[in-house]
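Hi everyone, thanks for coming. Let me walk you through a few spots in today's structure.

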Amino acid sequence: MVIATETSSSHHRRLTFAAFLNSDPAAEEEEQSHGVDVTNPSSSNNNTNKDVHYHQQRQSNASTTSGDSSPNQVLSPWNQTYSPYYTDTTTTPSMSPSPWNQTYSPYYKSPWIYQTRNMDDDTDNGLIGTIVRQDGHVYSLAASGDLLFTGSDSKNIRVWKDLKDFTGFKSTSGLVKAIVITGDNRIFTGHQDGKIRVWRGSKRRTGGYSRVGSLPTLKEFLTKSMNPKNYVEVRRRKNVLKIRHYDAVSCLSLNEELGLLYSGSWDKTLKVWRLSDSTCLESIQAHDDAINTVAAGFDDLLFTGSADGTLKVWKRELQGKGTKHFLVNVLMKQENAVTALAVNLTAAVVYCGSSDGTVNFWEGQKFLSHGGTLRGHRMAVLCLAAAGSLVLSGGADKNICVWRRNGDGTHSCLSVLMDHVGPVKCLTAVVEAEDDGKGHREKGDQKWIVYSGSLDKSVKVWRVTETASTVIG
């Protein structure tokens, strides 16, 4: 995630994202040229805070409506009275040396610890369990059926089934910043080293995954590299092949109906890939600063958000014998970085998170109009996820806000999930498989399983329902 800011001095200055990580070397290396301190949502007057640390201590995780609490009460973030300015007061527990350093097998003993917590006070909503990672921060995750894929700065992708360690595979370099999964079970991962790697599960060996290629393919890379017209100048005396990202791949998005994969990068480019043969169809200089997020939308629209503060809309149109993506609208242009996007395809709504802690949304298929602003975070919004009529926002303030879109287009805050002790970096949601015992659910009683990955080195699993009572409207 890249967040651009401007100091009050006469020159530009960017602080590292490692401010959230207590100067973690791995994260400091990742953000050394792009990240800044997002502990100040106003993104100004930061030049005196050269070393801001995330040393907020954690408060109690449960409270009753009357304000009373007891040691025997089951902890539940759903019992909390809504407050976007809730602060934690517990520091992250110390972690043991990484078992990934073992020479005999990196997966012999899982570095994750699965913990189950029963939510006796609310069986329909709340925290289900926690997977604590001991050797890296969780930067990306994706769910497919009963499998959960997680990526971290350890360069490994772990696979979980029924919240138990199932298998894993690893790349040679580059922390895993993005994961998407196609309908034919191909896994695309975007990495800090600028590469997009492609993986597929083995049909012969259960739980076996192997790398089947990368983008661009070696054949296309060699073919295009022979022509000088296929190179672009990225800095003085440095030319790169335009079909290849030369900086971190920060985001990926799929449009399987069109058979396309979109990748955004800190190199400011948007690339369009054809899924059938992994060919790069377009390389677009989309923004003036690093691209943080990309989302395929409704009506064949594509949305991109950047550290330059803009939210752009692209549309695929015919040009000659082929097709090309054209810029059709700029929905937002602000000083604060655009950090996250999510799309409600059914209702034709696009949500945009920013470094100032707000979530703006636009609606309408033929003409996108600004619908309003959701304010639930006191720090930068780092991730968004749409699930039915719900939209979830994760922030640098360690909280997850659960919003419901009502029939009249307004939004209500159903809950604030407060169990992480570090910034929430990624979110995804899947429909819960359980039913009412008769093979179906009651109308409007949709339940979701939500996975949240954090820079506290954990993944938390939640259950949320669209029929939960409103905390604040």
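When I say helix or strand, I mean a DSSP run, numbered from the N terminus: at least four residues of H or I for a helix, and at least two of E for a strand. What you see is a predicted model, where local features need pLDDT of at least 70 and side-chain atom pairs count only at pLDDT 80 or more, while totals for chains, interfaces and linings use all residues. Residues are numbered from 1 along each chain as its sequence is written, and side-chain values use heavy atoms, with hydrogens and water left out.

Let's begin with backbone angles. Most residues other than glycine have a negative phi, and most peptide bonds are trans. Now look at the loop between β30 (447-454) and β31 (458-465), where you'll find Lys457. The phi of Lys457 is positive, near 70°. Is Lys457 buried or exposed? Lys457 is buried, at a relative accessible area of 19%; buried means under 20%, exposed over 50%, and partly exposed in between, using a 1.4 Å probe and protein chains only.

Ala348 also has a positive phi, near 55°. You'll see Ala348 in the loop between β21 (338-344) and β22 (349-354), and Ala348 is buried, with a relative accessible area of 5%.

Next, a sheet. Strands pair if DSSP finds at least two bridges between them. Here four strands make an open, antiparallel sheet, ordered β7-β8-β9-β10. Its edge strands are β7 (176-181) and β10, each pairing on one side only. Five bridges join β7 to β8 (residues 186-191), and Ile179 stands opposite Thr189 in β8.

Finally, the loop between β10 (209-215) and α2 (218-225) holds Pro216. The peptide bond from Leu215 to Pro216 is cis, with omega near 0°.
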